[in-house]
Amino acid sequence: MNDSLERLKKLQQRIQTACFAAGRQPQEVSLLAVSKRQPPEKIRVFNELGLSAFGENQLQEALEKQSGLSDLDLQWHFIGTVQSNKTRALAENFDWVQSVDRQKTLVRLSAQRPQHLGPLNVCLQVNIDREPQKAGASPEDILKLAETAAKLDNISLRGLMALPRMTDIEAEQHISFRNVKILFEDLKSAGHDVDTLSMGMSADLEVAISEGSTMVRIGTDLLGKRKI
Ligand SMILES: *Cc1c(COP(=O)(O)O)cnc(C)c1O
């Protein structure tokens with residue numbers, strides 16, 4: 001518990017420092033705790049410390065944790081690859097899906113979202129550096145996907161999610177995040193009421209915040225090393 005509190009405080013300090021350096025308010029950046037490959041007890045601990053949004057990237061693993069933690073009021077974000085045969089379970093069990101990159105997924109999620117849960121929050125994942133091995137839509141396909149999302153009754157389009165190319169060169173990190181931000185502004189200019197720019201992880205949250213991130217997704221630096 002003490003160790004967890006320590007990590008949380010340190011992380012909040014980093015976020016705050018990055019916000020001030022960028023002339024932004026810390027409240028503009030929310031924290032998604034990425035709990036993939038972490039035991040459910042850790043989610044319980046961080047929920048007690050005040051966090052309620054958790055991100056998972058494997059459906060089965062997430063469903064098991066959800067059932068063991070059903071006494072808590074948590075907000076679940078899916079951040080992994082979406083397989084077509086898993087969309088129903090995602091629509092039924094998650095509050096957000098941040099990794100949508102195809103029309104078909106949007107249509108299925110909307111059709112399969114139970115009415116009583118209200119619209120599913122969706123971010124479009126963009127493959128900003130056009131890496132062949134990586135998930136995400138091409139930047140030029142994002143506007144069309146957003147148009148589709150906007151027409152669907154049970155989808156609430158919230159914004160974009162990106163995982164830029166891994167690099168230690170900070171100037172390159174800036175370019176990638178800046179390109180995501182430009183696309184985000186394009187969505188707004190096209191009339192989409194989006195409020196979420198999900199970018200920045202343990203290693204690059206400062207750069208992401210300086211380029212306009214509104215949600216950082218933190219695993220390692222908050223919950224510690226993951227099980228392999
Ligand atoms: C694992 C993961 C993260 C968290 O990464 P850390 O480096 O552990 O902070 C963030 N986003 C996505 C999509 C992930 O899969």
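Reader: Which residue has a polar backbone atom 2.8 Å from an oxygen atom of the ligand?

Author: This is a predicted model, and in it the ligand is surrounded by several residues, among them Ile 218, Gly 219 and Thr 220. An oxygen atom of the ligand lies 2.8 Å from a polar atom that belongs to the backbone of one of them, and that residue is Gly 219.

Reader: How far is an oxygen atom of the ligand from an N or O atom in the side chain of Ser 202?

Author: The residues around the ligand also include Ser 202 and Arg 217. For Arg 217, a side-chain N or O atom is 2.8 Å from a nitrogen atom of the ligand. For Ser 202, the ligand atom is an oxygen, and its distance from an N or O atom of the side chain is 2.5 Å.

Reader: How many charged residues are in the contact of H6 with H7?

Author: On the H6 side the contact involves Ile 142, Leu 143 and Ala 146, which meet Leu 183, Asp 186 and Leu 187 of H7. Of these residues five are nonpolar and none is polar, which leaves the number of charged residues at one.

Reader: Which residue has its backbone nitrogen 2.9 Å from a polar atom of the side chain of Asp 101?

Author: Asp 101 sits in the loop between strand S4 (96-100) and helix H5 (103-112). Among the residues that Asp 101 touches are Gln 125, Ala 135, Gly 136 and Leu 145. The backbone nitrogen that lies 2.9 Å from a polar side-chain atom of Asp 101 is that of Gly 136.

Conventions. Residues are numbered from 1 along each chain as its sequence is written. This is a predicted model: local features need pLDDT of at least 70, side-chain atom pairs count only at pLDDT 80 or more; totals for chains, interfaces and linings use all residues. Side-chain values use heavy atoms; hydrogens and water are left out. Contact means heavy atoms within 4.5 Å. Helices (H or I, at least four residues) and strands (E, at least two) are DSSP runs, numbered from the N terminus. Ala, Val, Leu, Ile, Met, Phe, Trp, Tyr, Cys and Pro count as nonpolar, Asp, Glu, Lys and Arg as charged, and the others, Gly among them, as polar. A residue is near a molecule or strand if one of its heavy atoms lies within 4 Å of it. A polar contact is a pair of N or O atoms within 3.5 Å; within protein, one must be able to donate a hydrogen and the other to accept it, and residues adjacent in sequence count only if both atoms are side-chain atoms. Lists of a residue's contacts leave out its neighbours within four places in sequence.
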